[in-house]
Amino acid sequence: MHRRSQFILRRHLSHLHFHSGESASHTFPRSIPPPCSTAISFRVCDSIPPMATFGLADYDDLLRGCTRRRAIKEGRVVHAHMIKSHFVTSVRLANRLLVMYVKGGSLEDARQVLDGMSQRDVISWTAMMSGYSQHGRSFEALEQLPRMLRTGILPNEYTLATVLPSCTGHSGQDHGRQIHSLAVKSNFDSHMFVGSSLLDMYSKVGEIKDARRVFNMLPHRDVVSCTAIISGYAQSGLDEEALEVFQQLQREGMECNYVTFVSLLTAIAGLAALDFGRQVHGLVIRSELLFYVVLDNSLIDMYSKCGSLKHSRRVFDNMPERSVISWNTMLMGYGKHGLGREVVQLFKSMFREVKPNGVTFLAVLSGCSHGGLIDEGLDIFGYMVSDQRLKPEIGHYGCVVDLLGRAGRIEEALDVIKNMPYEPTSALWNSLLGACRLHAKISIGEVVARKLLDMEPDNASNYVILSNIYAASGRWQDVARVRESMKLKKLTKEPGRSSIQLDKVMHIFFSSDRSHPQRKEIFDKITEVCERIKAAGYVPDLSCVLHDVDDEQKESILLGHSEKLAIAFGLMGNACRESIRITKNLRICIDCHNFAKYVSNVYQMEISLRDSSRFHLVAGGTCSCGDYW
C-alpha cells in the first residue's frame, strides 16, 4: 500500500462514523451501491482534506489490503468513503470491492455491489458464484450462470470450475451435464481446473464412469485430478478400482498430497487390505508431509478396519494434536472389535482433552452393545437423558435397542421403541427383528416383521430374517409361504461373500462357490480340515442350516459357506503364514465361528474375520468377541 494512501486513510477513517437510522442513499452512485447490512450516514470533520485527493490507485491498494486481511469492517469504511466522495469507479475497482465482500463472507453486500454495477465482466460474475458456492448456497451460485449468459458474457475456465461444485443434490447431475456441455462448446472441457471439477462433480453424484471418462481425456493431470478420481471410486464403494488407479498413477509418477492418502486409506479400509495399508503408511512417512489430523484419523480408521488395533492405538498415541474425531474413530475401532471395557476406559480419558459430541456417545453405546456391557451402556444413556446439553437422537435410541436386543431383553427393547420421542425407523425395527431371530422370540418377531414389510415391502432382507425365524422353530410351511412371497415379488437374497487377500491378490468366494480355478484343491482341503478339527472335538451346528433337509445334506451345506472356503484357501500351502484375514459381507454364523476357533487351535493360526457387524479375532481356540455377537 502506498505511504501516501496509508497516511490519508488514517486521517480520513479516524473521522468517518457509522450511524444507524439515517439514510444517505441519495449520495450513492449507480456504479457502487452501499453496503446493505446497515443504513449509513456520514459525518465528516472540517479537518478532512478534499475528497479528490483519493485516486483509483489509492482505493485499489486499500481494498486489496482489506481483502488480503479479511478486514471486512475496514473495507466497509473504504466503501463508504468512495460513496461519500462520489467517486466514479471502473469495473476493475468494483470487482475489487465485490471480491473483498465475498472473501469477508458478506454475500449480501457482494450481491448488492454486483446488482448495482452498470457494467460487469466475467470476473464480476465468477466472484459472486464463488462466494455462493463456498458458502454452500448452491442454488444461488447456479442461478448466476444463466444470468451472466443472458448479458452476452461467456464463461472462462475459472467460472466453470467455480460453479461445478454447486451441482449437488437431487438435480445436481442434470445441472452438471448442462455445464459440461457448455464447457465442451467453449473448449474448456480439457482444461485442468475444469476437468478436475467435472470429474469431482460426476463422482459426487455417483456417476463414476463419466468421471473416469473425463479423467482419461485430460491432456495433463495434476495431484487434484488424480486425487479426485481415487476419491470418487472410494466414495462409490469401488475400493479395488481406487487401489488399481492409485497403483497405475504411482507408476506414472503421480505426486500425492494428504488428501490423496486420505482417499486411498478409505478404500484400503473398505478392502481390509492390511498389507497395502502398511505400505501406504510407509509412503506417507517417506513423503515427509506436515502433520494433518485428518490423515492420522484415516490411518487409525484404516488399521482398525483391517483388524490391527495395536497399530491404530500407536498412531492415536503419537498424534501431537487430537480432535474429537480422532477419539471417536479410536472408540469405534475398539467397539467393532468387541472390546467394550477399552471403549469405556478411553471414553473416561477423553474428557481431559476434548468435549465429546453425539457421535462419541454413538460409538460408546455401540461398543457397550458389542461388548455385552449392558449396565454400563444403560448408565451412559441415562447420563445423556439427564444432561440437558446432550439430547439423545434416534441413533442413540437405536444403540440402546441393539444393546438390550443382543442381551435377550426383547420386551425392554420394544418398550424403548414405543416410548422414545421419535418415529421408529426401519433400521431400528430391523435391529429388533435380528434380536428376535437370535433369541427365538417368534411372536414378537412376527409383529416386528409385519411392520417392516409394511414399511419396506421390497426389502429382501426382511423376508429372509422372518423366514429364518420360522425355520429355526421348524415352521416349514411358514418358511415356504415367505419364500413364495419373495418369488412373486422377484426379490433375491444377497448371497454370502467372503474375501481373502494372498500375495497381493484378492480372492472372493461365494457360498458353495465352484468358480475358483483351484476349486478342487479347496474342497479337498476343507474335507481334510474338517476331519482334523472333528478329531479335536468340533461338531457341526446343524441348526445353522435353515432348510428342511436331512442331517447329511445340512453338513454338506455348512461346508460350502463362503468363510470356510476362504479359510481353507488361506491354509493351502501355508508354510510360513501366521494369520489369515477374511472379510465377509454378512454376519458370520455360529457354526463358521466354531469352525474358525477349532482351526485356529489345531493349525496354530490366527484368524481375523470382519463381518458386517464386527471383528472376530480368533486365536488358540478363543475369539475376541467372547462368543457374544
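Residues 121-155 of this predicted model are 74% helix and 0% strand, with the end C-alpha atoms 10 Å apart. The UniProt annotation "repeat: PPR", from an unreviewed entry, covers this span along with residues 222-256 and 323-353. Elsewhere, strand β1 pairs with β2 and with β3, and the largest nonpolar core has 144 residues.

**Nonpolar cores**
- Within the core of 144 residues, Ile229, Ile268 and Leu432 have the most contacts.
- Beyond its neighbours within four places in sequence, Ile229 touches Leu199, Ile208, Ala211, Arg212, Phe215 and Val245, all of them counted as contacts.
- In soluble globular proteins, nonpolar side chains tend to be buried together.

- Strand β1 spans residues 497-502, and five of its six residues are buried, so the strand is largely enclosed by the rest of the structure.
- Strand β2, residues 505-510, runs antiparallel to β1 and is joined to it by six bridges.
- The two strands β1 and β2 form a hairpin with two residues between them.
- Asp503, in the turn of that hairpin, has a positive phi of about 50 degrees.
- Strand β3, residues 579-584, is also antiparallel to β1, with three bridges joining the two.
- Ser499 stands opposite Ile508 in β2, and its bridge partner in β3 is Thr583.

**Cysteines**
- Zero disulfides are found in a search of the whole structure.
- The cysteine sulfur closest to that of Cys226 belongs to Cys256, and at 8.3 Å it is too far away for a bond, given that a disulfide needs the two sulfur atoms within 2.5 Å.
- Cys226 has a relative accessibility of 5% and counts as buried.
- Cys399 is likewise in no disulfide, and the nearest cysteine sulfur, in Cys368, is 9.5 Å away.
- Cys399 counts as buried because its relative accessibility is 13%, and the cut-off for buried is under 20%.

Definitions and conventions: Residues numbered from 1 in each chain as written. Predicted model: local features only at pLDDT ≥ 70, side-chain atom pairs only at ≥ 80, totals over all residues. Heavy atoms only, no water. Buried < 20%, exposed > 50% of the residue type's maximum accessible area, 1.4 Å probe, protein only. UniProt positions renumbered as here; feature names shortened; annotations may be inferred. Helix = DSSP H or I, 4+ residues; strand = E, 2+ residues; numbered from the N terminus. Core = buried A, V, L, I, M, F, W, Y, C linked by side-chain atoms within 4.5 Å. Contact = heavy atoms within 4.5 Å. Pairing = 2+ DSSP bridges.
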